[in-house]
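Open the model in your viewer and keep the selection tool at hand. The stops below say what to select next and what is there.

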Amino acid sequence: MEISGLISAVVIGIVIGILGRLVVPGRQHIGILWTLVVGIAAALVGTAVAAGLGVADTDGVDWIEWLIQIGLAALGVAALSRVKLRS
């Protein structure tokens, strides 16, 4: 992966993390930094999952890949919020 690809993954991850946080109902007990980390991880893992399913490279906007990434970010935000709530 080139540096431009890594930078774009971070930027997309930030957007994915924020969208994932907006999808989860209620108050989340994690900070914005954790939201961004979850978003970046969800973007990278979501891209790999979409590539495995064969939907990562389509003509136009990759809506299915975005939905996978946002879903993973929402799961990550919800799970991390529950862990933080218990501690």
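**Starting at the pocket**

By class, seven nonpolar, four polar and two charged residues make up the lining of the largest pocket. Here Ala, Val, Leu, Ile, Met, Phe, Trp, Tyr, Cys and Pro count as nonpolar, Asp, Glu, Lys and Arg as charged, and the others, Gly among them, as polar. The model is predicted: local features need pLDDT of at least 70, side-chain atom pairs count only at pLDDT 80 or more, and totals for chains, interfaces and linings use all residues. Residues are numbered from 1 along each chain as its sequence is written, and side-chain values use heavy atoms, with hydrogens and water left out.

The volume of this largest pocket is about 230 Å³. Select Ile-12, Ala-43, Thr-47, Glu-65 and Gln-69: of the 13 lining residues, these are the closest to the pocket centre. Two or more lining residues come from each of helix 1 (3–23), helix 2 (32–53) and helix 3 (63–86). Helix 1 gives the most, with four residues.

A pocket, on a 1 Å grid over the protein atoms alone, is an open set of points where a 1.4 Å probe fits, with protein on both sides within 12 Å along at least five of seven lines; lining residues have an atom within 4 Å of a point. The volume is the space filled by probe spheres set on the points, which are joined across faces, edges and corners. Helices are DSSP runs (H or I, at least four residues), numbered from the N terminus.

**Next, helix 1**

Select Ala-9, Gly-13, Ile-16, Gly-17 and Gly-20, which are buried (under 20% relative accessible area, 1.4 Å probe, protein chains only). Seen down the axis of helix 1, its buried residues fall within an arc of 110° (taken from the directions from the axis to the C-beta atoms), so they line one face. They pack against helix 2 and helix 3 (contact: heavy atoms within 4.5 Å). On the other side of helix 1, Ile-7 and Leu-22 are exposed (over 50%).

**Then helix 2**

Which residues of helix 2 are buried? Select Thr-35, Val-38, Gly-39, Ala-42, Ala-43, Gly-46 and Ala-50 to see them. Down the axis of helix 2, these buried residues fall within an arc of 145°, so they too line one face. Their packing is against helix 1 and helix 3. Leu-33 and Gly-52, on the other side of helix 2, are exposed.

End at Gly-54, which follows helix 2 and has a positive phi, near 80°.
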